[in-house]
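Biologist: I have not looked at this one before. Can you walk me through it?

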Amino acid sequence: MTLSKEPLCLDVLSPPLKGEQTILSRGEVESLCLKAARGAGMAWGLAEEAGFSAGWLWARGFDGTQRLLDHLLAMQISSGYNKSPLVMPRHWQAPEEGRLCPILLGVTLCDYMRLPEGLVMSGPLLVGPVNQPLLVLPFLAAMAAKMNKPVCMAWQGEFVLVTSEGELVSSVAYPVFEEGLFEVSIAESVSYGIQPTGRHAVRDTTLSMLNDFAIKTTVMISDQSRADAGAGIEDND
Amino acid sequence: MNNIKAIEPRPPKEVMRLKRMGAAHPTRLSFLRVMLNRMILENWKFDRPIWCLNEEGVGYAVYRAIGPARTYSLVAFSHNIPDHMRSDRVIATAWDATFTLFDGTPTEADLSRLSRNVPYQEAGRILASELSLSRANRSVRLFRYVVACLAAGQQPDVQEIEDVGYLMRTTAVYGSGKFGAADYRDLRARPEMAAPFQAEMLSVWLIRQFSVDVVEHMAFCQGGDSAVKLAPHIKHILGVGNSTGLGMAPFIVRHQILLNNWVESREQALAAVRSLPSVSLQKTRSLQVAFSQFRLNVCKWKTKHDLQVGKLNDLQDDIEKIGDRLKIFPGTSPLPWDELWQWGEQTLTCEGQEALLALLLEPHGELIDSLDSLMSADEEAEFLIDGKMSVKELKDILVTKYDWALAIDFSVPESHSRFWYVSEEKLEPRFGQRTQEDEFSKEQPLCIGRLASSLDEALKPWPQDASIASFLRELPEHRYMVRRAQIANRHPYSEIQDNLIADDLIPLDMLRFKLAFLGASHFDPKSDKWLRICLFQGAAYPLDLTPQEISL
């Protein structure tokens with residue numbers, strides 16, 4: 001296993017962002033992404049899981065918010081993303097032509113973890129093709145934590161491995177997650193990984209577009225809804 | 001003695017009903033008390049290194065809380081807004097004072113950055129070096145009156161003070177990640193931040209100091225040499241007010257494990273006290289003192305709203321009964337505390353019982369204070385759904401933990417006539433009547449009872465031994481409720497066992513419950529959706545703090 005030789009800083013796993021940016025808290029990233037995913041059409045539970053995925057990636061310096069936004073935009077064009085993967089021994093595929101939703105794939109991998117078709121009994125698993133595969137990584141991390149063993153995703157000679165502590169080992173400095181098939185496997189324990197920490201920025205254009213989705217979960221103002229807020233009497237006293 | 005049955009905590013079906021949750025009283029396990037206890041036990045020091053306000057009370061100040069390992073600073077910006085701009089609503093854009101709690105001692109550069117952001121509240125940004133963001137407005141009734149009295153060399157009338165209870169009231173205190181603040185997960189390893197809402201409580205306590213300081217400052221600016229400071233007995237009565245609206249209600253539904261841990265800790269505390277086989281004279285006295293203070297407190301509790309007037313009457317009647325009963329405490333029972341408790345269950349209303357609970361806990365700090373370490377939650381650790389669980393096991397969970405939900409007929413209009421949503425205008429939670437135009441997709445997922453009911457329905461055609469993984473693969477729209485049900489299975493007090501979209505739901509009950517855990521006293525509802533409360537009445541002031549002062 002080769003450890004990236006880049007120094008331990010925020011951009012060790014992703015190149016620095018360009019353009020106007022805002023530094024968010026992790027709570028803000030998760031909350032915004034949850035609402036955006038819901039506004040884009042995901043059910044509440046899946047939207048929570050999308051928020052978790054984006055937040056986990058953000059905390060490690062990946063541009064999870066942009067990847068999620070790209071996926072939410074893709075969802076508006078194709079309805080195929082609301083289908084769960086076909087779960088078969090050793091190979092999980094999209095039920096129709098096209099790619100899998102990375103969130104649905106991620107949660108299904110977690111759900112099936114200890115079942116016959118899942119990672120523990122049936123791995124390594126070939127999965128895909130999946131849209132925005134980076135968004136699957138946090139779910140592999142969740143499984144690694146549960147199993148207390150590292151989980152690896154590998155494609156075309158590249159790989160990223162996540163330990164049970166949520167640390168990362170990658171084959172290259174800036175792994176580029178190819179859309180297509182990849183393999184998920186349980187790996188041997190490693191003695192080290194890296195976990196970039198700190199607060200990360202989100203591009204303002206990304207924020208703005210995520211907010212456009214998030215606002216769809218709200219209700220337009222009206223006199224009635226102002227009355228629903230609470231203060232029926234003067235509150236300046 | 002060996003035959004005495006172990007006393008169990010009260011069961012969820014009794015305790016997790018809004019009727020009882022809405023009668024909650026603050027206990028010594030409240031987050032405000034936890035914060036104050038630590039300040040005293042660890043001998044924290046307090047100072048005010050900066051005070052820069054002009055004659056109109058405009059400017060800024062810095063207060064510091066200096067602990068054994070770390071220092072926290074309240075940075076306060078004081079403004080002068082015209083009366084018509086003052087509002088407690090989330091839609092306000094200007095306030096009498098704005099605050100942030102800074103991690104450490106702020107430099108000039110920090111203060112400069114904060115002055116460009118904090119006064120704008122939600123329209124500004126703060127960083128991970130800030131732990132809370134808040135704002136407060138003056139009490140129009142009291143503030144000017146007190147300034148005028150002090151300026152003229154007189155103390156304000158005690159009755160006027162008691163009628164309001166505060167000089168300033170916070171209209172929001174944001175923490176944990178909001179608007180850029182530090183995330184709780186990054187703070188929870190610090191002992192002083194581990195319990196819930198510690199940063200928020202510290203902020204409000206320092207704001208109380210500020211509210212007195214600014215009033216005295218204005219009095220001196222107005223009255224010069226003839227002005228006086230507030231007398232200690234008047235300062236003592238003053239707390240920090242707060243206007244609490246619906247924003248707090250979704251919190252206790254969303255944070256299932258946290259809710260469970262708060263209630264479970266409190267119930268364990270009660271069971272532990274009830275199990276005590278003896279009573280010392282010191283404990284009896286302590287109980288009497290707690291009762292006297294509580295009775296005094298309730299006498300001053302003023303409210304005009306129908307909802308509260310009835311409860312207050314119940315409470316006042318119950319207080320008299322408790323007073324009489326305490327005259328024969330401890331008596332000769334082998335379990336005197338339990339005997340008192342059981343008397344309360346048989347004799348008092350909900351309000352009285354929950355008040356009695358608080359009284360029973362009060363003398364037993366050494367027994368129960370350590371339970372505060374169990375009141376926070378690692379929600380991340382339980383986020384994963386257990387896909388291996390069988391359909392049968394999940395059905396069993398619904399039948400045993402959600403029986404209250406399955407008993408509700410949601411097809412009947414009164415069972416689903418209300419609607420939780422978030423307004424586009426200010427992104428605040430609202431609670432209204434469901435209309436035909438209300439899109440189901442915009443409904444906030446707070447109607448847990450109905451979701452449980454739908455899940456139960458969806459599970460019916462599935463084979464018993466099918467995995468939940470296969471069920472969710474087919475019907476991913478149930479992930480939210482499945483996760484909740486699995487959490488509820490491990491955490492008995494994690495669900496409010498009432499229909500949150502019923503016609504007769506009173507959101508106030510949810511607000512009061514959370515406020516009691518924060519440590520609020522004096523619940524004063526203004527409608528069924530918002531209320532005024534007071535924090536820190538009767539407590540010491542940070543700049544006055546001496547080791548002997550005990551908080552209330």
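**Salt bridges, interface and cores**

Modeller: Start with B:Arg86, which counts as buried at 7% relative accessibility; buried is under 20% relative accessible area, exposed over 50%, and partly exposed in between (1.4 Å probe, protein chains only). This is a predicted model, where local features need pLDDT of at least 70 and side-chain atom pairs pLDDT 80 or more, while totals for chains, interfaces and linings use all residues. Residues are numbered from 1 along each chain as its sequence is written, chains are lettered from A and ligands numbered from 1 in written order, and side-chain values use heavy atoms, without hydrogens and water.

Biologist: Which residue forms a salt bridge with B:Arg86?

Modeller: B:Asp96 does, with the closest N and O atoms 2.7 Å apart. A salt bridge is a side-chain nitrogen of Lys or Arg within 4 Å of a carboxyl oxygen of Asp or Glu. Both partners lie in the loop between β3 (71-78) and β4 (97-103) of chain B, so the pair ties together parts ten residues apart in sequence. B:Asp96 is buried too, at 1%.

Biologist: And B:Arg325, what does that one pair with?

Modeller: B:Glu339, at 3.6 Å between the closest N and O atoms. B:Arg325 is in helix α14 (residues 306-326) of chain B and B:Glu339 in helix α15 (residues 336-347), so this pair ties together parts 14 residues apart in sequence. Helices (H or I, at least four residues) and strands (E, at least two) are DSSP runs, numbered from the N terminus. B:Arg325 is buried at 9%, whereas B:Glu339 is partly exposed at 36%.

Biologist: How many salt bridges over all chains?

Modeller: There are 50, and seven of them are between chain A and chain B.

Biologist: What does B:Arg479 meet in chain A?

Modeller: A:Glu49, in a salt bridge of 2.9 Å, N to O. The pair runs from helix α22 (residues 479-490) of chain B to helix α2 of chain A. B:Arg479 is buried at 2%, and A:Glu49 is buried at 2%. B:Arg479 also forms a salt bridge with A:Asp111, at 2.7 Å.

Biologist: New topic, then. How many residues of each chain are in contact?

Modeller: 50 residues of chain A are in contact (heavy atoms within 4.5 Å) with 60 of chain B. The two chains bury about 4500 Å² between them, 51% of it on carbon and sulfur atoms. That area is the accessible area (1.4 Å probe) that two parts lose on being put together, summed over both.

Biologist: Which elements of chain A give two or more residues to that side?

Modeller: Among them are α1 (26-39), α2 (44-59) and α6 (137-147). α2(A) gives the most, with six residues.

Biologist: Last topic. Where is the largest nonpolar core, and which residues have the most contacts inside it?

Modeller: B:Leu167, B:Tyr402 and B:Trp420 have the most contacts inside this core, which has 151 residues. Helix α9 (residues 198-223) of chain B gives the most to the core, with 13 residues. Apart from it lies another core of 68 residues, including A:Leu32 and A:Cys110. A nonpolar core is a set of buried Ala, Val, Leu, Ile, Met, Phe, Trp, Tyr and Cys residues joined through side-chain atoms within 4.5 Å.

Biologist: What does B:Leu167 touch?

Modeller: Leaving out residues up to four places away in sequence, its contacts include B:Phe143, B:Val215 and B:Leu238.
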